[in-house]
Amino acid sequence: RFAAAMAGGTRVSGTRALSHGRGRSEGGSGAAPESMSFQRSGGFGFGSRRSSHFGRCRAVGDYFVAGDIGGTNARFELWRQGAERAGTMELVVKKKYPTADHATFVDALLQFDEDCKATASEFAAPRSSAFAVAGVVVDHKLCDMTNLHWKVDADEVADRLQWPSTVLNDFEAVGYGVLAVSQEDTHVLHDGAFSATGPKVVLGPGTGFGQAQLFWGEGGGYTVMPSEGAHGDFGARGAKQRRLSAFVESREGYCELEHVCCGPGLENIHDFLLRDGGLSEVEAQARRRTAPEISEAAINGSDDLCVEAAELLLTILGQEAGNWGLRSLARGGVYIAGGITPKLLPILENGCLKRAFLHEDSRFSKVIDSIPLTLITTDDIGLAGAAFYASRELG
């Protein structure tokens, strides 16, 4: 099993040759005694700060498949290992299918199988596959998807296509994607003192608020441990956040973290600010906005209340990142993924998230200061994680 790492990338002859390694040292250089290189023509890459060669032999030419199954589209990738030289991974086929065009998951996968056979002249049945899906996953084998009438069943994949497969919760895949994302798809918010084998935390505000931890095993390599921590109580910091918590509690009966730190949470914050500013319920109702509308108005600066709502959400996210950093002593880094934060990058640059993360007035601010904080800016992180997991299963 090869070691996984924090990521970066190096351009080579028009493609991106990248590697999995143990990570960066405190000085920022990669060290990869056991690693894997990937090549991808277009799209983002997998890797650590410097490319390195393979640390463990595998058969040349084996294929593996990665998939990311959402409510609207099913995305699949076919990879081949050692196609050009030992230790490399080459993306061979990449397809996206509207889920409405296929009655079942396996129907879509059979279409991908046919497309692979038509595209890759030497195509052979993949030796591993991994699929990221939204929903509760049972034993890495079965998931009834949350927002789609599809069942993703590893046993059915084995029966119909004879492919070994693993089913991953979508945010578990995001966790593995952290080990594969390229440096150009990250934005460092705070350097800290990086540890190559230290615990990692991944937070992902989007439609909900995904959370996961990664721990280094005695045999080498990280394991992702999913969490439902976002459904725990919201720990308000300061008078305004306490009023926000009370406002949400008056609506929902309680206030969990996800109520104030995701897309719907941004709407809750905006609603609260309208009422906190003195508007009546009727007046506030007339000025309500959706999360995309709030984000757009915040980014272009056309509405001060939307700017304040976005800043408050980012502040709460920074607090949670710092809290998780302390809970896990995450010197391998805290990573922020999800669909919201990259879109709010212009506001994030004012430092509200970082200030909340570092919490300089707290007794343990020196500990938090040692923890790296990184924003992931690509939307393909779940697919990257599925590919990472499938490639590791080849060993």
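In strand β17, Leu373 is the bridge partner of His190. Strands here are DSSP runs of E at least two residues long, helices are runs of H or I at least four residues long, and both are numbered from the N terminus. The pair belongs to the contact between β12 and β17 (residues 373-376), two antiparallel strands joined by 4 bridges; for two strands to count as paired, DSSP has to find at least two bridges between them. All of this is read from a predicted model, where local features need pLDDT of at least 70 and side-chain atom pairs count only at pLDDT 80 or more, while totals for chains, interfaces and linings use all residues. Numbering runs from 1 along each chain as its sequence is written, and side-chain values use heavy atoms, with hydrogens and water left out.

Zooming out, β12 and β17 sit in an open sheet of 6 strands, ordered β12-β17-β16-β13-β14-β15, with mixed pairing. At the edges are β12 (186-190) and β15 (222-227), each pairing on one side only. Neighbouring strands are turned by 25° against each other on average, direction ignored. Helix α8 (residues 304-328) packs on this sheet and touches β13 (200-205), β14 (209-216), β15, β16 (333-336) and β17, contact meaning heavy atoms within 4.5 Å. The direction of α8 makes about 155° with that of β13; axes are lines fitted to C-alpha atoms, for helices over the stretch in contact, and angles run from 0 to 180 degrees between N-to-C directions.

At the β15 end, β14 and β15 run antiparallel and share 6 bridges, with Gln211 standing opposite Ser227 in β15. These two strands make a hairpin with 5 residues between them, and Gly220 in the turn takes a positive phi of about 95°.

There is also an open, antiparallel sheet of 3 strands, in the order β8-β9-β10. Strand β9 (residues 142-144) is tied to β10 by 3 bridges, and Cys143 stands opposite Val152 in β10.

On a 1 Å grid over the protein atoms alone, a cavity is a set of points where a 1.4 Å probe fits but cannot get out; a pocket is an open set with protein on both sides within 12 Å along at least five of seven lines, and lining residues have an atom within 4 Å of a point. The count comes to 1 cavity of 30 Å³ or more. About 50 Å³ of space lies in the largest cavity, a volume being the space filled by probe spheres set on the grid points. Helices α4 (239-252), α5 (263-276) and α6 (281-286) each supply at least two residues of its lining, which includes Phe247, Asp271 and Glu281. By class, that lining has 3 nonpolar, 1 polar and 5 charged residues.

The second largest pocket has a volume of about 160 Å³. Of its 14 lining residues, Asp233, Gly235, Glu320, Asn323 and Arg327 lie nearest the centre. Helix α8 gives the most to this lining, with 6 residues.

As for confidence, the protein chain averages a pLDDT of 85, and 84% of the residues score at least 70; pLDDT is the predictor's confidence in each residue, from 0 to 100. Over residues 1-58 pLDDT stays under 50, and the model has 194 contacts beyond four places in sequence for that stretch. Where pLDDT is low, the predicted coordinates should not be read in detail.

Terms used
Nonpolar A, V, L, I, M, F, W, Y, C, P; charged D, E, K, R; others polar.
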